Amino acid sequence: MIKVSSAPGEPFSMTITYKEYNIVMVGIPIDDGYDSDLKVFKGDQDISDSIGDYDISGDGLKKILDTIDTFW
């Protein structure tokens, strides 16, 4: 499931639920785009460091999902 919360020019958040994991991306508008961050949670536990440091992109998301698959 994917949930997006956003209004034009305002901060946004997107949560992707995959298996038992929540991938949360947040963005804050800056002059020429957005400053963003991505975290991965299993329940209430932040496991972002276990996932690795991937780009916030389609390719990065695919790598995150592939990494989660190795935990199963």
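Author: The largest pocket here has a volume of about 190 Å³. A pocket is an open set of points on a 1 Å grid over the protein atoms alone, where a 1.4 Å probe fits, with protein on both sides within 12 Å along at least five of seven lines. The volume is the space filled by probe spheres set on the points, which are joined across faces, edges and corners.

Reader: Before we go on, what kind of model is this?

Author: This is a predicted model, where local features need pLDDT of at least 70, side-chain atom pairs count only at pLDDT 80 or more, and totals for chains, interfaces and linings use all residues. Residues are numbered from 1 along each chain as its sequence is written, and side-chain values use heavy atoms, with hydrogens and water left out.

Reader: OK, which residues line the largest pocket?

Author: Asp37, Leu38, Lys39, Val40, Ser48, Asp49, Ile51, Gly52, Asp53, Tyr54, Ile56 and Ile64, counting those with an atom within 4 Å of a point. Strand S4 (33-42) and helix H1 (48-51) are the elements that give two or more residues to that lining. Elements are DSSP runs numbered from the N terminus: helices are H or I with at least four residues, strands are E with at least two.

Reader: Which one gives the most?

Author: S4, with four residues.

Reader: And how does the lining split by class?

Author: Six nonpolar, two polar and four charged residues. Ala, Val, Leu, Ile, Met, Phe, Trp, Tyr, Cys and Pro count as nonpolar, Asp, Glu, Lys and Arg as charged, and the others, Gly among them, as polar.

Reader: Switching topic: how many aromatic pairs are in the whole structure?

Author: A search finds one. Tyr21 and Phe71 sit 6.1 Å centre to centre with 40° between the planes, which makes the pair tilted. The rings of Phe, Tyr and Trp (its six-membered ring) pair if their centres lie within 6.5 Å; planes under 30 degrees apart are stacked, over 60 edge-to-face, and the rest tilted.

Reader: What does that pair tie together?

Author: Tyr21 is in strand S3 (residues 21-30) and Phe71 in helix H2 (residues 58-71), so the pair ties together parts that are 50 residues apart in sequence.

Reader: Is Tyr21 buried or exposed?

Author: Tyr21 is buried, at 5% relative accessible area, while Phe71 is partly exposed at 38%. Buried means under 20%, exposed over 50%, and partly exposed in between (1.4 Å probe, protein chains only).

Reader: Back to H2. Which of its residues are buried?

Author: Gly60, Ile64, Thr67 and Ile68. Seen down the axis of H2, the buried residues fall within an arc of 100°, so they line one face of the helix. That arc is taken from the directions from the helix axis to the C-beta atoms. The face turned away carries the exposed residues Gly58 and Thr70.
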